[in-house]
Amino acid sequence: MAASGAKGQRGQLSREKVLRSAVALADHSGLEAISMRRLAQALGVVPMALYKHVANKDELLGGLIDAVLAEIEPAHEGSDWVANVRRRILSARAVMLRHPWARRVMEAQPAPTPVVLAYMDSTIGMFLAGGLSVDLVHHVMHALGSRIFGFTQELYETDPGAAPELPPEAAAAMAAAFPGIVAVASSRPHDPGSVVGSGCDDQFEFEFGIDLMLAGVERLHRLGWRSADHDREAASVL
């Protein structure tokens, strides 16, 4: 009976089902729990049954990212490109918050999968549909970087100016040595659990960065900015 049940499970397997189960396993137990053996156990099949759908663990990890990106809101084309791009990036952020392990997988991938490339291509399409030049969009994609996937790669994991409970003498010495850092770090209340800085409001900081960048891009678009003009200015200085 057990063998018959396992055979029935194998017959019902699909790549989509395998990847959905892997995402659920990573959400529940962390990325370290992902292995072909553990996934087979979760699906109630023998490990060999998985290899028809994912060739190895590397392909499984790439498939995990594909499954996560499928949860992001589809691209919206139209003249209001700022709102369209902003909405999609914030959708990507919501997805990454649901699957916090996904960032680590993306950063470790040696090359983007076709699904990742399709996501990038459709994001570019929203800028182009808004009338931006290919030249400007090229540089915009560099500037946005990982933000189009809903996360940022911070310089520091914690705020270098937010030392915990420093004695008064040490705090005074810190303020004297690094007045700018201390002033900025203590300029507003902080909440625990942030990845941007020690207690910074991650969502606020992420949206602030996106809005700041998109406003700058919109200004350059209105001015008809071209990289060739910048190159000529740089050459004239030399």
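## Basis and confidence of the model

This is a predicted model, in which local features need pLDDT of at least 70 and side-chain atom pairs count only at pLDDT 80 or more, while totals for chains, interfaces and linings use all residues. Residues are numbered from 1 along each chain as its sequence is written, and side-chain values use heavy atoms, with hydrogens and water left out.

The predictor's confidence in each residue is given by pLDDT, from 0 to 100. The protein chain averages a pLDDT of 85, and 82% of the residues score at least 70. Confidence is lowest in helix α1 (residues 2-12), at a mean of 50, and highest in α5, at 97. Helices here are DSSP runs (H or I, at least four residues), numbered from the N terminus. Two stretches have pLDDT under 50: residues 1-6, with two contacts beyond four places in sequence, and residues 193-198, with 19 such contacts. A contact means heavy atoms within 4.5 Å. Where pLDDT is low, the predicted coordinates should not be read in detail.

## The nonpolar core

A nonpolar core is a set of buried Ala, Val, Leu, Ile, Met, Phe, Trp, Tyr and Cys residues joined through side-chain atoms within 4.5 Å. Buried means under 20% relative accessible area, exposed over 50%, and partly exposed in between (1.4 Å probe, protein chains only). The largest such core has 55 residues, and those with the most contacts inside it are Ile34, Leu50, Leu60, Trp81, Trp101, Phe127 and Phe149. At least two residues of this core come from each of α2 (15-29), α3 (36-43), α4 (57-69), α5, α6 (102-108), α7, α8 (134-144) and α11. Helix α5 gives the most, with eight residues. In soluble globular proteins, nonpolar side chains tend to be buried together.

## Aromatic pairs and a charge over a ring

The structure holds three aromatic pairs. Rings of Phe, Tyr and Trp (its six-membered ring) pair if their centres lie within 6.5 Å; planes under 30 degrees apart count as stacked, over 60 as edge-to-face and the rest as tilted. One of the pairs joins Trp81 and Phe127, whose ring centres are 5.7 Å apart and whose planes stand at 50 degrees, so this pair is tilted. The pair links distant parts of the chain, with Trp81 in helix α5 (residues 81-98) and Phe127 in helix α7 (residues 114-129), 46 residues apart. Trp81 is buried at a relative accessible area of 4%, and Phe127 is buried at 0%. Not counting residues up to four places away in sequence, Trp81 touches Met126, Phe127, Gly130, Leu132, Leu214, Val217, Glu218 and His221.

Another pair is formed by Phe204 and Phe208, with ring centres 6.4 Å apart and planes at 10 degrees, so it is stacked. These two residues are four apart in helix α11 (residues 202-223) and are separated by about one helical turn. Phe204 is partly exposed, with a relative accessible area of 42%, and Phe208 is partly exposed as well, with 47%. Arg93 lies over the face of Phe206, at 4.9 Å from the ring centre. A charge sits over a ring if NZ of Lys or CZ of Arg is within 6 Å of the ring centre and within 35 degrees of the ring normal.

## Helix α7

The expected span of a helix is 1.5 Å times one less than its number of residues. The 16 residues of α7 should span 22 Å, and the end C-alpha atoms of α7 are 22 Å apart, which agrees. Val116, Tyr119, Thr123, Gly125, Met126 and Phe127 are buried in this helix. The buried residues of α7 pack against α4, α5, α8 and α11.

## Selected buried residues

Ile89, in helix α5, is buried, with a relative accessible area of 1%. Ile89 and Gly150 are 61 residues apart in sequence and 5.7 Å apart in space, C-alpha to C-alpha. Beyond its neighbours within four places in sequence, Ile89 is in contact with Arg147, Ile148, Gly150, Phe206 and Ile210.

His99 lies in the loop between α5 and α6 and counts as buried at 5% relative accessibility. Not counting residues up to four places away in sequence, His99 touches Val23, Asp27, Val68 and Glu71.
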